[in-house]
Amino acid sequence: MGEFVLPKLGADMSRGRLVEWVKKPGERVARGEVIAVIETDKANVEVEAYDSGTLEKILVAPGSEWLPVGTPLAVIGGEEVQSAPAPEVPRAPPTLPVSAPRDSPPAPAPRAPARAPEAPRPPVRPREAPRAAPAPRAAEGARLHVSPAARRRAQALGVDIATVRGSGPDGRIVLEDVEAAARGASLAAPVPAADKRTRMREAIAAAMARSKREIPHYYLATTIDLGRALAWLASYNAARPVTERMLYGVLLLKAVALALRQVPELNGFWIEGHAQVSEAVHLGVAISLRGGGLVAPALHDADKLALPELMTRLQDLVTRARASSLRSSEMTDATITVTSLGERGVEAVYGVIYPPQVALVGFGKVVTRPWAVDGAVRPREVVTATLSGDHRASDGHRGGIFLDALDRLLQEPENL
Amino acid sequence: MAKLTYREAVRAAMREAMAADPRVFLMGEDVGLHGGAFAVSMGLFEEFGPERIRDTPLMESTFVGAGIGAAVGGMRPIVEVMTINFSLLALDQIVNTAAALRHMSGGQLSVPLVVRMASGGGRGLAAQHSHSLEGWYAHVPGIKVATPATVADAKGLLLAALADPDPVLVFEHATLYPMEGEDADDTPMTLGRAAVRRAGDDVTIIAYGGSLPKALAAADALAAEEIAAEVLDLRTLRPLDVEAIVASVAKTHHAVVVDEMWRTGSFAGEIAAIIMERAFDELDAPVARVASAEVPMPYSKPLEDAALPSAEKIVAAARRLFS
């Protein structure tokens, strides 16, 4: 028996709204299957189940209010529940619109707020404990758990304790939470309703401000001769129908993914003062949205995909990002972000790292420049590749090795 | 400052006191020719002779009573009781007589008695030699309780005890005897002053006696997790330095109390209550206690280790305050 809680789909997500239940009560749910659609400040996301089991009970009806991350949305029964239904677990009374069975009154209110269980998650999802998975706010009428020191500080700072979310053991509101709330950084504080574009800006603002506040960025750039890669691509595409043709961006993505294998410390996360290198390479691809703003969903295992497959996945990802139908694993799994502003004529992009990732790779426009080739100056098509690195997780020397590897990989496009 | 062991520091204090004051003498089981069960008085018999280093029968009630009589009569006796467990045979003398005489006599009598004893577990000596009952004695008004945890304190607090006009019990944690450290300087020590042995901002680890080295090791381990622990050594349980406890908790807002007594009724419980009374609004988490398991001390080494507080248990308790 587990609670299905509103997941945190990225550093910039603090709340969400339940749009639709894809599964109905009583239906079987497999881990990784889409169970519901959630609206975040940035997009509608198809959320996948963390566990297999039976969707026993839906706690939040579609079209809900904005709910803080960690709010229980449904109860999912374990495998054994099918043969022997477990007794109702005491839980906090719902504060939210609930589509509970009409004949069963809400369970009696326990004193403690229900605690979000540590749900097993997709293995690569960065664990941002404890702040990222806070306990839900105390239900109405339930006693708020506040440390004495936090209570006194709240009084001194004029913070309404009911608006603060606790990050301490069992969701207790501790000193740090009150101080964060006073700094205006409390994610739980009610955000005035705003239109989608404003909310998107707020989400980006939160993530990017955190990045620049916490991450000591370093920046490197190198200009890469794309002559061979583009020639190879032209001959590849010439032999194929339009639907099977590839964009040069796919070569860049694959080369980034392969170069990361040589400098793995750029691929992963920085969490609670420690580097977490990811073995899997999931490229977050920055996609600008038509209404403004951007998302950077993950292309899973990009280093292992053949180029045509990567092309198909990329097209699918872009289409779905713009249609606002991304899946939750795509929102959370990216281990590094790749961005390109080449289409807009920009020659070099020095990006802001998306926390808790530790690096961002940027590509500018492909331009024709006079270039020394075999001792003679010739016009060549070149691109400026940049690396923004988190200096806590890697050093410029290693970043340089990465850009060098990227360059060499792009000189042998047939091996990508 | 010269290095010496805790055992040598206790011996040095006794030697110094006996050299300075002819009223001071030592008595107890095997303290003379044998040099004491823990070799603390080794050599003193040869140096000071049988008049001042006196072997007693195996009869705690009698020789502690004799010490009280000598103290009332004007001497400055040091009575060594082999272990804290055996001191229970002298509990009547200590609680009903030594602690009470000044009050019952309207201040006409004083009992300048020092009783030293080994306390604590960790040496594979099972349930009749290994307990920590110092908190029982700290319960009793009229006596003072010192629990030196460092080499300097082993000497300095014993000298302070001898200078005190009232009965003082000194608990020497037996695992500390071979520990080396700096000698005390010549500044007289005062009973009732705690000491910050390591400064930190995140959590206060309160310890005394044999638990201090464990608390310091735990603070090292916590530092690696970026939890800065302050280690407060109580040094005496009565009088207790309440202000030092409050000041540290007011700084860190978190407290772990380490105590080798059994958890139920432990001295750690008293500390936790004082923090609640005096520093409630400073607390960011409940006070945590690390105490001994509620069993008579096992003889088996692995079981004894499991029963006693350890650095690992202190680290775990501190961690739980934050997540």
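**View 1. Helices H9 and H10 of chain B.** In this predicted model, H9(B) passes H10(B) in a crossing that is right-handed. By class, the residues of this contact comprise nine nonpolar, no polar and one charged. The axes of H9, residues 242-252 of chain B, and H10, residues 267-279 of chain B, come within 10 Å and cross at roughly 65°, which makes H9(B) roughly perpendicular to H10(B). On the H9(B) side the residues that meet the partner helix are B:Val242, B:Ile245, B:Val246, B:Val249 and B:Ala250, and on the H10(B) side they are B:Ile271, B:Ile274, B:Ile275, B:Arg278 and B:Ala279.

View 2. The peptide bond from B:Arg238 to B:Pro239 is cis, and its omega is near -5°. B:Pro239 itself lies in the loop between strand S12 (236-238) and H9 of chain B.

**View 3. Helices H1 and H7 of chain B.** Helix H1 (residues 6-20) and helix H7 (residues 151-163), both of chain B, have axes that come within 7 Å and cross at roughly 30°; because angles under 35 degrees count as roughly parallel, H1(B) and H7(B) are described as roughly parallel to each other. The crossing of this pair, H1(B) and H7(B), is right-handed. From H1(B), the residues B:Tyr6, B:Ala9, B:Val10, B:Ala12, B:Ala13, B:Glu16 and B:Ala17 meet B:Val151, B:Ala154, B:Lys155, B:Leu158, B:Leu159 and B:Leu162 of H7(B). The residues of this contact divide into 11 nonpolar, no polar and two charged.

**View 4. The largest nonpolar core and its surroundings.** The largest nonpolar core has 114 residues, and those with the most contacts inside it are B:Ile205, B:Ile206, B:Ala218, B:Val256, B:Ile314 and B:Ala318. To this core H7(B) gives the most, with nine residues. Leaving aside residues up to four places away in sequence, B:Ile314 touches B:Ile205, B:Lys214, B:Ala215, B:Ala218, B:Val256, B:Val258, B:Val290 and B:Pro309. Another core, of 85 residues, lies apart from the largest one, and A:Leu9, A:Val29, A:Ala229 and A:Val361 are among its members.

View 5. Chain B has 12 helices and 14 strands, and buried residues make up 52% of its 323 residues. Among the contacts in chain B between residues at least 6 apart in sequence, 78% join residues at least 24 apart. The contact between the chains takes 10 residues from chain B and 11 residues from chain A. The side of chain B that touches chain A has, by class, three nonpolar, two polar and five charged residues.

View 6. A:Asp374, a residue other than glycine, has a positive phi, near 50°, and is placed in the loop between strand S19 (367-373) and strand S20 (376-390) of chain A. With 5 other C-beta atoms within 10 Å, A:Asp374 is exposed. B:Glu226, likewise not a glycine, has a positive phi of about 65°, and its place is in the loop between helix H8 (212-224) and strand S11 (229-233) of chain B. B:Glu226 is also exposed, with 10 other C-beta atoms within 10 Å.

**View 7. The cis peptide bond between A:Pro355 and A:Pro356.** A cis peptide bond, with omega about 5°, joins A:Pro355 and A:Pro356. A:Pro356 is found in the loop between strand S17 (336-340) and strand S18 (359-363) of chain A.

Technical notes. Residues are numbered from 1 along each chain as its sequence is written. Chains are lettered from A and ligands numbered from 1 in the order in which they are written. This is a predicted model: local features need pLDDT of at least 70, side-chain atom pairs count only at pLDDT 80 or more; totals for chains, interfaces and linings use all residues. Axes are lines fitted to C-alpha atoms, for helices over the stretch in contact, and angles run from 0 to 180 degrees between N-to-C directions. Helices (H or I, at least four residues) and strands (E, at least two) are DSSP runs, numbered from the N terminus. Angles under 35 degrees count as roughly parallel, over 145 as roughly antiparallel, 65 to 115 as roughly perpendicular and the rest as oblique. A crossing is left-handed if the near helix is turned anticlockwise from the far one by less than a right angle, and right-handed if clockwise. Two residues are in contact if their C-beta atoms, placed from the backbone, lie within 7 Å. Ala, Val, Leu, Ile, Met, Phe, Trp, Tyr, Cys and Pro count as nonpolar, Asp, Glu, Lys and Arg as charged, and the others, Gly among them, as polar. A residue is buried if 20 or more other C-beta atoms lie within 10 Å of its own, exposed if 12 or fewer, and partly exposed in between; C-beta atoms are placed from the backbone. A nonpolar core is a set of buried Ala, Val, Leu, Ile, Met, Phe, Trp, Tyr and Cys residues joined through C-beta atoms within 7 Å.
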